[in-house]
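Hi,

Here is the structure I promised to pass on.

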Amino acid sequence: MKILYIIRGLSGSGKTTLARQLSPVVYSADDWFTDEDGNYNFDPSELGDAHGDCKSGVEFDMEVEVPKIAVANTFSQAWEAKPYFELAEKYGYSPF
């Protein structure tokens, strides 16, 4: 069974920690803003790119059938998670 974990919550609520417990493959838009030294450098003008990169990574791993993938973003609005549900359907993943 291929699983996509969709984890949503407020900043600092432990989304990434939970994601790492569920899957060895974790994506987050925050990754875009984190440099090689682990420093978080948020730039709101790059938010669209960050989410696009996150979605692209998830889709790539679905194409090669990684069995468990987790995506951890705030998803403060239901529509923000919709593209991930669509990817899950397209590639035969069960969303959780």
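Buried residues (under 20% relative accessible area, with exposed meaning over 50% and partly exposed in between, 1.4 Å probe, protein chains only) make up 35% of the 96 residues in the chain. Before you read on: this is a predicted model, where local features need pLDDT of at least 70 and side-chain atom pairs count only at pLDDT 80 or more, while totals for chains, interfaces and linings use all residues. Residues are numbered from 1 along each chain as its sequence is written, and side-chain values use heavy atoms, leaving out hydrogens and water.

The overall picture: the chain has three helices and four strands, taken as DSSP runs (H or I, at least four residues, for helices; E, at least two, for strands) and numbered from the N terminus. Along the sequence they follow the pattern β-α-β-α-β-α-β. The radius of gyration is 13 Å, close to the 12 Å that the globule rule gives for 96 residues, so the chain is as compact as a globular protein of that length. That radius is taken over C-alpha atoms, and the rule is 2.2 Å times the number of residues to the power 0.38. The C-alpha trace spans about 35 × 25 × 25 Å along its principal axes.

Now helix H2 (47–63). H2 has 17 residues and reaches 24 Å from first to last C-alpha, close to the 24 Å expected (1.5 Å times one less than the number of residues). Its buried residues, including Cys 54, Gly 57 and Val 58, pack against strands E1 (3–8), E2 (26–27) and E3, and against H3.

Ala 72 sits in strand E3 and is buried, with a relative accessible area of 1%. Leaving aside neighbours within four places in sequence, Ala 72 is in contact (heavy atoms within 4.5 Å) with Ile 7, Lys 15, Thr 16, Ala 19, Tyr 27 and Ser 28. Tyr 27 is 45 residues from Ala 72 in sequence, but the two are 6.3 Å apart in space, C-alpha to C-alpha.

Most residues other than glycine have a negative phi. Glu 65, however, has a positive phi near 60 degrees, and Phe 75 has one of about 45 degrees. Glu 65 lies in the loop between H2 and strand E3 (68–73) and is exposed, at 52% relative accessible area. Phe 75 is in the loop between E3 and helix H3 (78–91) and is buried, at 3%.

Cheers
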